[in-house]
Every structure is written in structure tokens, then in C-alpha cells.
Number of protein chains: 2
Amino acid sequence: MSDVARAAGVSTATVSRVVNGHYGVSASTTAQVRSAIERLGYESSLVATSLRRSRTNVLGLVTHSFQSYTAEVLKGVMQALRRSGFDLIIYANSDLYGTYSEGWEQRHLTRLSGTLTDGCIVVTPWGDVQSRTPVVAIDPARDSTMPSVTADNLAGATTAVEHLLGLGHRRIGFIAGRSSLAAAWSREEGYRRALAGAGVPIEPGLIGRGDFNPESAAPLARELLKRPDPPTAIFAASDGMALEVLEVAKDLGLTVPGDLSVIGFDNIPESELTEPGLTTVDQSMYQLGYEAARMLKSLVTGDWEGPRQILLPTSLVVRGSTAPPRTHRTRHPHLAAQISGHTR
Amino acid sequence: MSDVARAAGVSTATVSRVVNGHYGVSASTTAQVRSAIERLGYESSLVATSLRRSRTNVLGLVTHSFQSYTAEVLKGVMQALRRSGFDLIIYANSDLYGTYSEGWEQRHLTRLSGTLTDGCIVVTPWGDVQSRTPVVAIDPARDSTMPSVTADNLAGATTAVEHLLGLGHRRIGFIAGRSSLAAAWSREEGYRRALAGAGVPIEPGLIGRGDFNPESAAPLARELLKRPDPPTAIFAASDGMALEVLEVAKDLGLTVPGDLSVIGFDNIPESELTEPGLTTVDQSMYQLGYEAARMLKSLVTGDWEGPRQILLPTSLVVRGSTAPPRTHRTRHPHLAAQISGHTR
DNA sequence: CTGAAAGCGCTTACAG
DNA sequence: CTGAAAGCGCTTACAG
């Protein structure tokens, strides 16, 4: 900027005024400054500007990792921000220390919201987070009180298990997610409620404790399926884990859905591509991103009127991985047919 | 930081030394500062730090839009950065003015690279770009001389057209991409070379001028297919456009691949899901991101040894949308069978 | 071992 | 209408 000022023969204060379109600069001075800017290819430093100003028109998004889930969310966020005047900065850490990651949301957030961003979205935080500027959580931690948008995991999981019950399953295994996350808790609760609603007793031996990591599911599935009285169906709390269950079943020589029904949660793109396709519960990750960005924008400009915690509906997507259990099959063969009615 | 300094009864200089682990601070002072930091939940401001320091350990990525393509690229970038000590900042503008976007790469880059980032990746720039810090382009503009990584579009396109020629097609239409982009030029060149290699004359009337936008392809496809002597196959320079060709064919009552073969380029996830599946050329967007990040890291640390322009191989993915033309079909019926041997 | 001071690139009252 | 000066939150020679 000082280069521009020198070239135009004015002070940096004047250059700043021209750049920001403030009133009170003569036409001739403006023209000179403009031409110097043009000539030098000057562009104001985001960093310096944001350090000095209170409002930056930049929104932040912090995320721990970058998976299919995050990518979908981002598409929604960008759509909501189109022509809004807000740019987006996404901060992703490179997971330097592994175990050190506890508290990543708060750390990244503080670093950004110091001055860079007017507000932030935080994706799947492990706990609530403090900030001077507005923050919206996507898929918040359990018992979170911060503004958030989340899928109706409870209803979704209930529907999933009711689907299995409706097919005639009574021994239904469950592979849970990381228990500190609200989504994991709700999905397990849905499992319990659906069983209770059907008068089926909960068997602790049929519940495996995963953590949403696909790898965590394989040994649990193996254990479930090697029981003397194995389940006829398994509900995994995420598609990633459900896909692993499919693998294990294949290893064990079990056919899906003949010997075992499998149902997941999320409806990630991959779940459509397996053979058979994975029956699952769709939570629109795009919608999560879209709504979160919409809320954040309004929170920043101060005109948010809706509820501060948004719950988005989920829907069951029936593909080929679920069917009536073996013993029922001869009685209802037509129910075993692959049904596929899902379009995005 | 001044809060911390006050709480610990030291100067901000000392706090800074503790935060950055510099030598020359007594153990007792360090402990006091640490405890104050802990108590106050202090985290240094990314902005202020980067304004003062030369090295930030943050890499930038600037992109115009955020589509499936970008998402795949990002996964590769993040993988390459894992545990590298570099964090990633992605800057995406909200396309405030639409037409104003000319020069977006340079603008965003300058704003970031002022002080925030140690280097940047720029995705599909429309032209070359200047920066004091290293920059790597993914899918650079035509005649670009900057460091870059790009797919072997020429070989890929040649293979695509040779595939059609091998099936017996001689009248092959082409729908081109935005001509200023190197990828568009190479794909068209591949088309020309393959035809020339087979001794098939180029018919200008069979070439439609699209711009990579899916919408641009529909009218062009319609025009091609309504000719008195329509092509028996169409090669579209991107999957997005090829998918549109599929739509138009359906509208016109043409079956694919019976009446018309269609082949695309990119292998976006959607191309696997259509009926029939789209035969296409796979360019690994993940690899593009991975290699670009790897190069940028080394460029920043100054230990890059390889070539500064990387060309990544492409591969043909044969699905159901290509088959011999009608007249040949009765003679080689087995060639029309759907072949699918692609795994990522 | 520690602090006072300068400065990174900007913006914004405050004078003139 | 324009400039000198202070200050945003840090880091880093330079003294002591």
C-alpha cells in the first residue's frame, strides 16, 4: 500500500479511502490512486485489513478432517453464501500430533475469530465452543446448547430399526458410534425405542461399541456374527461402519440379505455402489451445510428470527441389503425383492 | 495476549516467547505464563501472528467454485498434508458480482499470500498468476508456465476416440470445452489426432463449441443429432456435458448405446450412476490434489527436485454407453455387451 | 533472563 | 479534501 501511496503521491490514508470507496476524496486524486493501483496490481492484504477492522465479510468454517461428509456439507454452505457478499475461509488442520487433537474446534476457532472472520461454522465439534463472534455447529456434541443444525437422528434410527422389525427380524444387532457425539447417542436411543415399541427385549450382547470409524466395526461385527445365536440383522450407526459389516459377512460366507440384513446411516455416495446396495437412512449433508450457513449469515447481520437449534428430517432409503430373515423368507418371498426408489 | 501478560505479571514479549517455545525464559516464569494461558484460554491470533512472521506453516488453496471436482481434489490435498505440520486454508469467494470474476485467482492469491500463507494451490485458474510465494496450479490455463499438475488430457481424449473407432464408429461428434482452458484444447486435439490416425476426415459440422458447463451441451447435442447425417457417437469433453447428451438422446427417442454411443471425460461419481453407465476417461482428481500439495510443500521448504510441471496418466473406463454402431451391431453382437472393469 | 520499542499492512478518528 | 498519528495483536532485534 505504501508503494501505491508513493506512486500516486498521496498518503496511505488516502489510498485506503479510495480502496474502500469512502467519501471525501477528490475526483482527480481518486483517479491517480486508481491508476497507481492498477499499474502496481495492488490488492489489500486480507490479514492486515482484518486486523484493523471489526467487520471482514468473511465467514469461517473449521473442520477436523475432510471426508465425503464434509464435501457435501461444503456444497450446501457455498450455495447458501452465493452472492451474499460473504466469502468463506475453511481452516483444516493437518492433524500434527494425532492424540493432541482434543479441543481442536476451540483452538481453530479462536485463531480465526480473533479478527479474521465475522462468524464460524464448526463441523461435528466434540464439545461446545466459545467465541466472541457467532458460531453455528453442524452436528453438535451431546447436550450442546449452542446454535446448531443437526439431522433428526432419533427418528431416523427408529425408522431404520422399525424397517427391520417390519421385515420380521427380532434379533437385531447394533454397532454404535462414538458415544460422546450426540448423533451416536440419538441413533442408539432410536434403536432402543424401536425395539421397546415392538416389545422386543434389548440384549446387551447384541450391541457393539464402535466409534464411527469404519475400522472399528469389523471386529465387532465378527464377534456378533460368531455368536451361537447370531443376529439376523445388523444396524450400524454409520454407513462407513455398515460397509465394513458387509465385508465381514462376505468373509464369513454369509450372503446379504439372505443370511443377514444390514442397514446403515448417512447415505454417503458409496452406499449406493455396493452390491447389494446398502439400505440406509438419508441425512442430507448438503442441507445441513445450507441451513447452517443461512443461520450464521443472519446471526452475523443480527437478523436471525428462527429457532437457534434446527432439526432436519431424515428418510429411509431402501436398497438391496435388507430383506426378511431366512425363516420368514419362504413365507414372504416377494418381500425379499430389491426395492429401490431413492433419488436425490 | 496483553491479558495473559498482565495476569502473569510479565511483558507480552515474554508471553510470546513462551507461546513459541523460545529459549531463554526461566522455568518459573514459563510456568506462570502457562498457567495464565490455561486459565484465560488464550490462543494466539492467526492473523496477527502471520502479519508479523515470515513463515506461517499455513498453505492456501483458492478456488472459484466448489463442485464434486473440487471436493475430490481437496481430499487428495488433505491426505498429502497429513502430519506435515502445514495447515490448510481454503478461500472461496461467494461470486459477488458474477461478471466481475475475471482475474479471481490473482486477487484471492494476493490477498492471502500477502502474509497469511507460505504458498498456494490454485484450482483451474483461467490464466497464470504472480506471487511472491510458491504457487502450484491444478489444471492450469493453456500455455501456462507456472508449476502445475494436470491430467494427460491429450492421451485420454485420444484413447476415448480410438475406443469409438475400434467399435466401428466413423461419424463421431465432439462437444468441446471452454477454449481458453488447456484441458479443453488438449481434449479437442486428442479427438483430431485419433481421427487423423484412423484416416477419418474431420468434419467441422460435427464439432460443437461448448464451455464445460453442462447446460451448454444440450443445444449442441440437439443440433448434431438432428442433422440429416447425424453422428453415430458423441464424445463430450466433460462428463457433465456428456450427461446432458444422454438426456437429449432420450428426449429425441434415441437409445444409448443402440442408436448413439456417448463417451465423456473426468469420471465424476455421477457418471457411474446413470442408466446405462457413462463410458468415460478417468482423471484422478484425488491424485491431482495429492501431487499438487506434495509439490507445494517441497517448493515452500525449498527441497523440490522433480519437474515443475507434472502430467498424470488417465485411463479409459468402459461402461454401458458405448457400443458398435447400428450397422455393425448384427455382425458383432458380443461387443455391445456392457463391460465394467473399473475400480478406483 | 526479561522488558521497551519498533514494525508487519492496514483503517480511522482527529486536525488542519 | 488530505495527512500525521495511533493502534489492531503479535514477534524480534536490541538493551540491560
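1. Helix axes are here lines fitted to C-alpha atoms over the stretch in contact, and the angle between two of them is taken between their N-to-C directions, from 0 to 180 degrees. The model under discussion is predicted.

2. From H5(A), the residues taking part include Tyr69(A), Glu72(A), Leu74(A) and Leu81(A), and H11(A) contributes, among others, Met285(A), Leu288(A), Tyr290(A) and Arg294(A). The contact of H5(A) with H11(A) comprises 12 nonpolar, 4 polar and 3 charged residues.

3. The axes of helix H9 (residues 214–225) and helix H10 (residues 239–251) of chain B come within 8 Å, crossing at roughly 45°. H9(B) and H10(B) are therefore oblique to each other, and H9(B) passes H10(B) in a right-handed crossing. Among the residues making this contact are Pro214(B), Ala218(B), Arg222(B) and Leu225(B) of H9(B), together with Met241(B), Leu243(B), Glu244(B) and Val248(B) of H10(B). By class, the contact of H9(B) with H10(B) has 10 nonpolar, 2 polar and 3 charged residues.

4. Chain A supplies 39 residues to it, and chain B supplies 39 residues. In terms of class, the side of chain A that touches chain B has 20 nonpolar, 10 polar and 9 charged residues.

5. Which strand of chain B pairs with S2(A)? The partner is strand S2 (residues 87–92) of chain B, and the two strands pair in the antiparallel sense over 5 bridges. Within this pairing, Ile89(A) stands opposite Tyr91(B) of S2(B).

6. The surroundings of DNA strand D draw on both chains. There are 26 residues around DNA strand D, of which Ala13(A), Thr29(A), Met1(B), Ala13(B) and Ser16(B) come nearest. Helix H2 (12–19) and H4 of chain A, with helix H2 (12–19) and helix H4 (46–52) of chain B, each supply at least two residues of the surface near DNA strand D. H2(B) gives the most to this surface, with 5 residues. The surface near DNA strand D is made up of 9 nonpolar, 13 polar and 4 charged residues.

7. Chain B also holds an open sheet of 4 strands in the order S7-S6-S8-S9, with parallel pairing. Strand S7 (207–209) and strand S9 (261–263) of chain B stand at the edges with a single partner strand each, so one side of each is left without a neighbour in the sheet. From one strand to the next, the twist averages 15°.

8. Within this sheet, strand S8 (residues 233–236) of chain B and S9(B) run parallel and are joined by 3 bridges. The bridge partner of Ile234(B) in S9(B) is Val262(B). Helix H7 (residues 153–167) of chain B packs on the sheet, where H7(B) touches strand S6 (172–176), S8 and S9 of chain B. The direction of H7(B) makes about 160° with that of S9(B).

Notes:
Residues are numbered from 1 along each chain as its sequence is written. Chains are lettered from A and ligands numbered from 1 in the order in which they are written. This is a predicted model: local features need pLDDT of at least 70, side-chain atom pairs count only at pLDDT 80 or more; totals for chains, interfaces and linings use all residues. Two residues are in contact if their C-beta atoms, placed from the backbone, lie within 7 Å. Ala, Val, Leu, Ile, Met, Phe, Trp, Tyr, Cys and Pro count as nonpolar, Asp, Glu, Lys and Arg as charged, and the others, Gly among them, as polar. Two strands pair if DSSP finds at least two bridges between them. A residue is near a molecule or strand if its C-beta atom, placed from the backbone, lies within 6 Å of it. Angles under 35 degrees count as roughly parallel, over 145 as roughly antiparallel, 65 to 115 as roughly perpendicular and the rest as oblique. A crossing is left-handed if the near helix is turned anticlockwise from the far one by less than a right angle, and right-handed if clockwise.
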